Amino acid sequence: MDTGTGMQWIVIVAAGLFLRATVSLHSYSGANRPPMYGDFEAQRHWQEVTVNLPVGDWYRNTSDNDLLYWGLDYPPLTAYHSYVVGLWARRWHNESFVALHSSRGITTDEHKQFMRNTVLLVDALLYIPAILYATHTVRRRLANNPGKTHREGEWLSGALAVLFPGQILIDNGHFQYNNVSLALCALGVVAIIERRTLLGAILFCLALNYKQMELYHALPFFFYLLRDCFAGMDASSSLGHRFVRGVRKLIVLGGTVLLTFIILWLPWLRSLDAVGQLVHRIFPVARGVFEDKVSNVWCVVNVFIKLRNIPNTTMALVCLLSTLLAVLPSGLHLLLQKTPSPRSFLYSLTVAALGFFLFSFQVHEKSILLAALPAILLLPLEPLASGWFLQVATFSMMPLLHKDGLTGAFVGLTIISLMLLRTANERRRSQPSHDALYLRGFLPDGIANKPTGSVLVALFYLSLLGQILLLVAFLCLSPPAHLPFLYPLLISAYSCGHFVLFFLYFNYRQLEVVDESDGCGGKFRVVVVSSQFQGKPLLARHRLVNAALEEELKTIHAFSQKTYTPEQWAGESGP
């Protein structure tokens with residue numbers, strides 16, 4: 001990494017932490033709303049439970065652990081995290097923060113500052129570094145033209161990722177620790193891209209054991225890792241030999257996953273009853289198909305057919321079948337590829353997470369963050385589509401954010417994100433004046449100045465205009481007396497329509513990805529920019545590159561190259 005890139009990262013990290021700290025000054029979920037308060041109190045209560053009760057009682061209903069009052073319902077890694085934070089509060093801050101029973105609903109400024117700082121610490125030490133490293137890796141490994149990406153604003157994907165309003169508003173405003181599971185999942189994706197599959201599997205298991213909603217990403221991981229076990233083998237070997245080697249790799253992979261789960265679940269593995277209770281707490285069917293006005297298909301269908309009148313078990317089965325039908329084609333595409341493609345893997349993660357959000361059971365508004373993570377990782381490859389999706393994802397949570405007193409923070413962070421898009425292409429002054437954000441700069445060269453590009457840009461602005469109109473109506477206009485939830489429902493339906501279209505788009509993009517290696521993994525196409533090419537003809541340039549790659553070319557099936565001087569490259573990648 002050069003000095004310029006390092007400074008860009010430092011500025012992005014500083015801006016990310018500053019904005020998070022600023023949002024932390026706002027209200028939070030359930031503030032001053034007894035008796036249950038909200039997610040802020042839930043997280044605090046789990047610290048109270050884990051530091052005061054034996055491990056065996058963490059998920060059980062006892063006289064000291066009323067499960068009806070924010071009973072622990074996340075997997076063991078969340079419980080361990082709550083325990084560590086609770087110990088920190090007890091030993092180095094104020095024991096009253098986690099005192100059994102008497103700490104319920106605590107609202108002191110000192111405690112609020114402590115809780116906010118625990119989220120900021122995770123952001124600084126885990127989430128922000130993980131997201132920056134992940135987007136950097138995707139750009140370096142998978143971008144079609146990394147040199148051009150660098151010239152036109154290498155910082156953009158990192159900045160949009162770190163400053164994504166949705167994650168900031170939920171974790172640092174509403175109050176949760178999504179940053180832990182999202183960071184672990186992002187690192188797992190990076191490990192997969194870097195072909196460190198066992199490490200990727202372990203990291204994803206950690207993410208899944210922090211929040212069970214990481215199941216949204218499970219199928220792409222499963223299908224990609226399964227295919228990887230049987231890919232990349234010597235074609236000259238017999239079919240039986242290749243199958244045996246694949247089975248061995250699969251056994252090692254399965255054993256690694258199983259061992260990770262055993263270590264994390266060890267305190268509850270002494271009895272089937274304890275395991276059953278933990279599973280029951282993690283997957284509560286009784287809560288219903290969705291909560292509040294979530295932007296998924298079932299919330300829209302509920303306008304016409306009251307789904308809460310259908311038994312939960314029946315509805316859970318319908319959701320399961322619908323979700324599988326939505327996400328299996330993407331997963332099977334990963335499984336049946338000749339050679340596992342990291343690009344297809346990223347698109348499949350987005351498709352699967354969106355499919356789960358749109359069709360699965362027990363969906364929260366905040367679950368859209370799970371679809372936002374792979375969209376963030378796609379920013380180096382799909383800056384316009386991913387940035388558009390992230391913007392709508394944040395808007396879809398507007399009713400929840402408004403209830404938490406975060407409307408101003410939402411507007412401010414959204415404006416910052418839109419200005420980042422504009423800044424990245426601001427030098428392209430030759431673009432039409434109506435393109436205020438210079439969005440054409442994010443389109444492929446083949447369509448940027450064609451009617452297709454004009455339509456895409458117009459659709460983005462129409463989408464943004466619709467959001468503004470709905471936001472103004474939600475904030476300023478009183479709904480009809482017989483339709484008190486009209487505006488939250490319209491926001492949900494409007495966002496859901498976008499998500500369905502994005503779901504179809506990312507499906508198409510996954511299927512469109514072509515294996516450049518024809519299944520052999522050894523076909524490469526490169527662009528080389530060097531001042532050593534000055535004054536040299538094409539053949540001499542190619543000889544220089546071939547000499548530098550002499551050893552690597554011995555194992556490559558096919559190799560094509562384009563060579564440029566820095567001046568030629570500037571002209572090639574310029575407006």
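Let's start with N32, which is exposed, at 60% relative accessible area. Exposed here is over 50% relative accessible area, buried is under 20%, and partly exposed is in between, all with a 1.4 Å probe and protein chains only.

Before I go on, some housekeeping. This is a predicted model, so local features need a pLDDT of at least 70 and side-chain atom pairs count only at pLDDT 80 or more, while totals for chains, interfaces and linings use all residues. Residues are numbered from 1 along each chain as its sequence is written, and side-chain values use heavy atoms, with hydrogens and water left out.

Okay, back to N32. You'll find N32 in the loop between α1 and α2. When I say helix, I'm talking about DSSP runs of H or I, at least four residues, numbered from the N terminus.

Y438 sits in the loop between α19 and α20, and α20 is 445-448. Is Y438 buried or exposed? Y438 counts as buried, because its relative accessibility is 9%. Compare N32, which is exposed at 60%.

Now, cavities. By cavity I mean a set of points, on a 1 Å grid over the protein atoms alone, where a 1.4 Å probe fits but cannot get out; lining residues have an atom within 4 Å of a point. Points are joined across faces, edges and corners, and the volume is the space filled by probe spheres set on them. How many cavities of 30 Å³ or more does that give? Three.

The largest cavity holds about 130 Å³ of space. Which helices each supply at least two residues to its lining? Those would be α17, at 383-396, and α19, at 407-424. For the classes, Ala, Val, Leu, Ile, Met, Phe, Trp, Tyr, Cys and Pro are nonpolar, Asp, Glu, Lys and Arg are charged, and the others, Gly among them, are polar.

The second largest cavity holds about 50 Å³, and this one takes us back to N32, which is one of its lining residues. Among the others are Y28, Y37, F40, E41, I106 and T107. The class count for this lining is five nonpolar, six polar and one charged.

Last topic, salt bridges: a side-chain nitrogen of Lys or Arg within 4 Å of a carboxyl oxygen of Asp or Glu. Searching the whole structure turns up ten of them. I'll show you a few.

Take R141 with E194, where the closest N and O atoms are 2.6 Å apart. R141 is in α4, residues 109-142, and E194 is in the loop between α8 (178-193) and α9 (197-208), so this pair ties together parts 53 residues apart in sequence. R141 counts as partly exposed at 47% relative accessibility, whereas E194, at 17%, counts as buried.

Then R195 and D228, whose side chains meet at 3.1 Å, N to O. Here R195 comes from the loop between α8 and α9 and D228 from α10, residues 218-229, so to speak a link between distant parts of the chain, 33 residues apart. R195 is exposed at 53%, and D228 is buried at 5%.

Next, R509 and E382, with 2.4 Å from N to O. R509 is in α22, residues 486-512, and E382 is in the loop between α16 (368-377) and α17, with 127 residues separating the two in the chain. E382 counts as buried, at 6% relative accessibility. And there's a network as well: salt bridges with shared partners join E41, R44 and E48.

Notes: 1 Å grid on protein atoms, 1.4 Å probe; cavity = no way out; pocket = protein on both sides within 12 Å on 5 of 7 lines; lining within 4 Å.
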